[in-house]
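Here is a short briefing on strand pairing and helix packing. Please look over the sequence and the model before reading on.

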Amino acid sequence: MVRPSIVLFGDSITEEAFGEGGWGASLANHYSRSGDVVLRGYSGYNTRWAARVAGRAVATVAGAVAAVTVCFGANDAALPDRASAAQHVPVAEYADNLRAICAMLHRRWPGVVVILVTPPPVDEDGRRRYPYAHDYSGLPERTNAAAGVYARACVEVARQCGVRAIDIWSRMQKFPGWEKSFLRDGLHLTPRGNRVLFEEVVFALKDANLSLEALPADLPLFGDMDPDNPAKSFEDEDEWAER
């Protein structure tokens, strides 16, 4: 059996995924006996920068890759006339960059499951309360309306490219009090926000036939071991290793 990898490629929403309560850490725990979750998160990156380095970012990922999540847009959607203007990417270019990333991933791993994840919603009050350093304008550098434009563009690119999409922007807003429950500073996820994203990723992977039930366990489970003849339990694994 070749143990597959699930690669997480994205901005700070992904870079923080292995933090306490993070969606990537939960995913690694979920697939602990059947797959490896590989983190490639780059805080502050937009798709303009990500498209340029995507090949380099995943170059060191070895072995079989079953799926890749691509989560960008929170920085692209920064307003062009406020504190995070340097991160802004026009929405048409954002869509082009996502298409380029999808194409690169499919060239590198034909048959890989690509899952585009939209930017999360924005709590503008939270962004005013937790501004970036040296921003004294009192204005949020991101808005929920702008994030929604990029979220819709992300979903449309997924449709065009024939890949799956997780519209976390829409999903989170279905819950009352999402602003403070899911976002710790108006943008980045709380443990509850991470939980929502984790559940959506698990659902998307299951839809792609990458559920726990579909992936075999790495080496025999304890309950399947023959205590009187343990070597027999490893016969299939030994045959595979000799190939």
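Five bridges join strand E3 to strand E4 (residues 113-117), and the two run parallel. This is a predicted model, where local features need pLDDT of at least 70, side-chain atom pairs count only at pLDDT 80 or more, and totals for chains, interfaces and linings use all residues. Residues are numbered from 1 along each chain as its sequence is written, and side-chain values use heavy atoms, leaving out hydrogens and water.

**Strands**
- Strands (E, at least two residues) and helices (H or I, at least four) are DSSP runs, numbered from the N terminus.
- Strands pair if DSSP finds at least two bridges between them.
- Val70 has Leu116 in E4 as its bridge partner.
- From E3 the chain passes through helix H4 (residues 91-108) to E4, a right-handed β-α-β crossover. Right-handed means that, with the strands pointing away from the viewer, the path from the first strand over the helix to the second runs clockwise.
- E3 also pairs with strand E1 (residues 5-10), in the parallel sense over six bridges. Ile6 has Ala67 in E3 as its bridge partner.
- Seven of the seven residues of E3 (residues 65-71) are buried, so this strand is largely enclosed by the rest of the structure. Buried means under 20% relative accessible area (1.4 Å probe, protein chains only).

**Helices**
- Helix H3 (residues 47-58) packs on H4 at about 10 degrees, with the axes 9 Å apart. Axes are lines fitted to C-alpha atoms over the stretch in contact, with angles from 0 to 180 degrees between N-to-C directions.
- H3 and H4 are therefore roughly parallel (angles under 35 degrees).

How values were computed: Buried < 20%, exposed > 50% of the residue type's maximum accessible area, 1.4 Å probe, protein only. Parallel < 35°, antiparallel > 145°, perpendicular 65-115°, else oblique.
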